[in-house]
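Reader: I would like a close look at one part of this model. Please keep it brisk and go residue by residue where that helps.

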Amino acid sequence: MSRLSEQLALGRFVVTAEIAPPKGVGLDVILEQAAALKGVTAVNVTDNQGANMRTSPVAVAAVLARAGCEPVLQLTCRDRNRMALQSELLGASLLGIENLLLLSGDHPSFGDHPQSRPVFDLDSIHLLKVVKGLNGGFDMAGKPLSRAPFFFPGAAAVPEGEPFELMFHKFRKKVLAGARFFQTQAIFDTAKLARFMDAAAPLGVPVLAGVLLLKSARMCRFLNANIPGVRVPQTIIERLEKAADPTEEGVAIAGELVRFARTCCQGVHLMTLGQEKRIPEILANSPKQC
Amino acid sequence: MIVSKQKNREEMAALLEGLDSLFLVGCSACATVCKSGGEEEVFRMEEWLTTLGKRVTGSVIIDSPCNVNRTARDLRDHRVQVEEADAVMVLACGAGVHSVVLKSGRRVIGALDTLFLGNTLRNGQFAEKCSLCGTCLLNETGGICPVTLCAKGLLNGPCGGMEDGKCEVDRELDCAWHLIYENLKKQGRQDIFTRTVPAKDWRKKQPPGELKVK
Ligand code: SF4
Ligand code: SF4
């Protein structure tokens, strides 16, 4: 059993973080980042994030696992058909990876290979079901596996998505398809998060609120224009604009969001974009419970 | 209708290198509506070829060159001109090009890029609403196709990139799933939202498609 699934089962407030594989084969940066993340429960490894080509997340997740840092393997439907996804999953299990975050994936038009053919043979719901099947010892075609893997599958949620009812419908479908935990996209609006958690709580699946470390107003504008599903509100942009030290302000904002998440979520997923060293400060900004 | 557009002149000039004479084939159906291979465009093409110093041995506008037999008949009617040319240039969709390949026995130059099955919105404006997936879901989606109108072809609701009902790929465009949701809601129906849609059987879409109606 992965540490992530254990701690969630115990009802601990869980902290996860994420790193992006390098574009290249150097291991030093990954290991450095992993070392900076020793304090968190698990670390997501992104899969050609933002549709930018990078080193295989399965390989990087395996390296992390070997270095004693528990990975959450992110896997998207954008670049692989159903055969490739299943074979990648079995390979990941072979390398000791248990936690998964199963996603549809950002469209290639956002990334550095916009000419590529988007695959989307499956969607995230199908992929969740595939993992359920693999855990049960069968592939998608119903063929038995020589030995079944053991995965702890998670999925993404969008608490601030509108229209709410439509977004929530998809969330519920993911629960039914076998999602055992959720990590959300970056949240900024605590009222919206509270509304989402009120609706989600009865479904009984733990939710880790996504908290993004903002560095400057300029970064917010870039994110708003280029990253799907991230919408930094004007009030936060203004706060960063007025701050004497925007980086400190960003840490403070993240801390406030973590503090709020402690009241209604089962954990937080910190997206620090290379600023892993600030994680202890972000957590210190909110009363510690574990 | 099959929507097509002409290749750019530069690309076409490269294709024509070493060819001195051409016979032209146009299409009186789709390519006429798209203004890519109707009478007018065939005439303009002739003019352009002449400026390149090429000789045009003749031309014909076929009523749907995708119809193999009709294409055979019309080419037969122009046999001498067809044989006289170094190649036949076809201003029709890929299906039309193939009919000419099949029935002329000559080298064929396709002058168009074939784009999609399109609805005509108004004169000269087309949009793809169905991408011919072979297992149609429209009866459950209020007539709005997620396979085509969702940039990712998702079958089970919107992705995380939907914002206020708009698509992550283009904020000017509606998210297909938002359109489906609104349309069904208006009609008081749940339809596709009541079930998990299984992954598609893409064998139904695998080219080359073939159908015999008895
Ligand atoms: S579901 Fe398939 S057949 Fe039906 S409209 Fe969409 S692409 Fe066309
Ligand atoms: S926003 Fe909607 S239409 Fe666009 S890719 Fe996502 S689900 Fe598809």
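How many of the ten residues of helix α3 (residues 57-66) of chain A are buried?

Author: This is a predicted model. Seven of the ten residues of α3(A) are buried, so the helix is mostly covered. They are Pro57(A), Val58(A), Val60(A), Ala61(A), Ala62(A), Val63(A) and Leu64(A).

What covers them? The cover includes two helices, α2 (28-36) and α4 (82-94) of chain A. It also includes the strands β1 (14-19), β2 and β3 of chain A.

Now the two ends. Ser56(A) caps the N-terminal end of α3(A). One of its side-chain oxygens lies 3.1 Å from the backbone nitrogen of Val58(A). After the helix comes Gly68(A). The phi of Gly68(A) is positive, near 85°.

Take β3(A) next, one of the elements that cover α3(A). This strand spans residues 71-76, and six of its six residues are buried, so it is largely enclosed by the rest of the structure. In a regular strand the side chains alternate between the two faces of the sheet. Here Pro71(A), Leu73(A) and Leu75(A) point one way. Val72(A), Gln74(A) and Thr76(A) point the other way. Both sets are buried.

Strand β2 (residues 42-45) of chain A runs parallel to β3(A), and three bridges join the two. Val45(A) stands opposite Leu73(A) of β3(A).

Cys77(A) is buried too, with a relative accessible area of 0%. The structure holds zero disulfides over all chains, and Cys77(A) is in none. The nearest cysteine sulfur belongs to Cys159(B), 12 Å away. A disulfide would need the two sulfur atoms within 2.5 Å. Cys159(B) also counts as buried, at 19% relative accessibility.

For another helix of the chain, look at α7(A), residues 190-200. Its buried residues are Leu193(A), Phe196(A), Met197(A) and Ala200(A). They cover an arc of only 100° around the axis, which puts them on the same side of α7(A). The general rule is simple: an α-helix has 3.6 residues a turn, so residues three or four places apart point the same way. Ala191(A) and Asp198(A), on the other side of α7(A), are exposed.

The cover over the buried residues of α7(A) includes β5 (152-157), α6 (164-176), β7 (207-212) and α10 (246-264) of chain A.

Notes:
Residues numbered from 1 in each chain as written. Chains lettered and ligands numbered in written order. Predicted model: local features only at pLDDT ≥ 70, side-chain atom pairs only at ≥ 80, totals over all residues. Heavy atoms only, no water. Buried < 20%, exposed > 50% of the residue type's maximum accessible area, 1.4 Å probe, protein only. Helix = DSSP H or I, 4+ residues; strand = E, 2+ residues; numbered from the N terminus. Arc of directions from axis to C-beta. Contact = heavy atoms within 4.5 Å. Pairing = 2+ DSSP bridges. Polar contact = N/O pair within 3.5 Å; in protein donor to acceptor, adjacent residues only side chain to side chain.
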